[in-house]
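User: I am new to this structure and would like to learn how to read its features in order. Could you please guide me?

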Amino acid sequence: MISEYEIKKQMCEIGKRIYMNGFVAANDGNLSVKINDREVLCTPTGVSKGYMTPDMICKVDIDGKVLSSNGNFKPSSEVKMHLRVYKERPDVKSVVHAHPPYGTSYAIAGIPLDKAIMPEAVIALGNVPIAEYGTPSTDEIPDAVAKYLQCYDAVLLENHGALTYGPDLMSAYFKMESLEFYAKLMFISSQIGEPQVLNNKQVDKLLDIRKNMNLIGKHPGLCCKDTECKYNSNNIENSSEKVTSDAIEKIVREVTKKILGAIK
């Protein structure tokens, strides 16, 4: 079993990756790891994630009470968001919050990542919704995020950033990388043309692959059945079908206009 000190070292390493990849600036972002049913290790507030050392990592209980901290280091003010995830998703053992530029830009623009443009993103994440804006360090953000926890392993935070979570710290971090890469591809492809969206049959095949891979976690294409779920394969927008439909409608309007003109 991995020791608490080794987990703290890993948190520092992941913090450094997040910082070096430009997913955070200055003292932004926070990480946490649930080490047992009652205790959570979390990053300190006011410290750059790229320059943390194990002795800076704090420990809180599942309700946010500080169990241990070194010197002036205090738990992140946004640990409430992490704790809500742990309480509502028993399978989750680690949470990562960051401000990746492309993903955060979509969150600021109010555009969810809900187009199936790449097999890897479909399998790993599905789509990424936007949780409503909340004031940092208050219960507003945990309340907003809670709505999406049962169907998603990644959420954009309106005008704030992104949140990913998983069965261990590395998987939670990789989801953040996947989210940012997905957003980057979406942005670039939108600049050079119209992103070609995978159709329902293609998506269903990818969901079957995910099932066969026995991946741990939630996926909107497999657990979200209501009409509001934009990733249900029946609701995926096929851009080529949309263009064809619009073109046909335009032709019908033009033909009707000419016929009516001729009758007059």
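This is a predicted model: local features need pLDDT of at least 70, side-chain atom pairs count only at pLDDT 80 or more; totals for chains, interfaces and linings use all residues.

User: Which residues of α3 are buried?

Analyst: A residue counts as buried when its relative accessible area is under 20%. In α3, this applies to Gly103, Thr104, Tyr106 and Ala107. Viewed down the axis of α3, these buried residues fall within an arc of 155°, so they line one face of the helix.

User: Against which elements do the buried residues of α3 pack?

Analyst: Packing is read from contacts between heavy atoms within 4.5 Å. The partners of the buried residues of α3 are β6 (130-131), β7, β8 (161-166) and α6. Just after α3 comes Gly110, with a positive phi of about 75°.

User: How many residues does the largest nonpolar core have, and which have the most contacts inside it?

Analyst: This core has 36 residues, and Met11, Ile18, Leu113, Leu156 and Leu179 are those with the most contacts inside it. At least two of its residues come from each of α1 (4-20), β1 (30-34), β5 (94-98), α3 (101-109), β7 (154-157) and α6 (169-192). The largest share, 8 residues, is supplied by α6. Apart from this core lies another, of 24 residues, which includes Val85, Tyr86, Val95 and Leu149.

User: How do the axes of α1 and α6 cross?

Analyst: A pair of helices is described by the approach of the axes and the angle between them. The axes of α1 and α6 come within 11 Å and cross at roughly 10°. Angles under 35 degrees count as roughly parallel, and that makes α1 roughly parallel to α6.

User: Which residues meet where α1 and α6 are in contact?

Analyst: From α1 come Gln10, Met11, Ile14, Arg17 and Ile18, which meet Leu169, Met170 and Tyr173 of α6. By type, the residues of this contact divide into 6 nonpolar, 1 polar and 1 charged.

User: Where is Ala26 placed, and what is its phi?

Analyst: Ala26 is in the loop between α1 and β1. Its phi is near 50°, a positive value in a residue other than glycine. With a relative accessibility of 52%, Ala26 counts as exposed, because the cut-off for that class is over 50%. Ser137, which is not a glycine either, has a positive phi of about 75°. Ser137 lies in the loop between β6 and α5 (140-146) and, at 33% relative accessibility, counts as partly exposed.

User: How far apart are Glu13 and Thr53 in sequence and in space?

Analyst: They are 40 residues apart in sequence, while their C-alpha atoms are 9.1 Å apart in space. Glu13 belongs to helix α1 and is partly exposed, at 35% relative accessibility.

User: What is the overall picture of the protein?

Analyst: Its secondary structure comes to 9 helices and 8 strands. Of the 264 residues in the protein, 46% are buried. Among contacts between residues at least 6 apart in sequence, 65% join residues at least 24 apart.

Methods:
Residues are numbered from 1 along each chain as its sequence is written. Side-chain values use heavy atoms; hydrogens and water are left out. A nonpolar core is a set of buried Ala, Val, Leu, Ile, Met, Phe, Trp, Tyr and Cys residues joined through side-chain atoms within 4.5 Å. Buried means under 20% relative accessible area, exposed over 50%, partly exposed in between (1.4 Å probe, protein chains only). Helices (H or I, at least four residues) and strands (E, at least two) are DSSP runs, numbered from the N terminus. Axes are lines fitted to C-alpha atoms, for helices over the stretch in contact, and angles run from 0 to 180 degrees between N-to-C directions. Angles under 35 degrees count as roughly parallel, over 145 as roughly antiparallel, 65 to 115 as roughly perpendicular and the rest as oblique. Ala, Val, Leu, Ile, Met, Phe, Trp, Tyr, Cys and Pro count as nonpolar, Asp, Glu, Lys and Arg as charged, and the others, Gly among them, as polar. The arc is that of the directions from the helix axis to the C-beta atoms.
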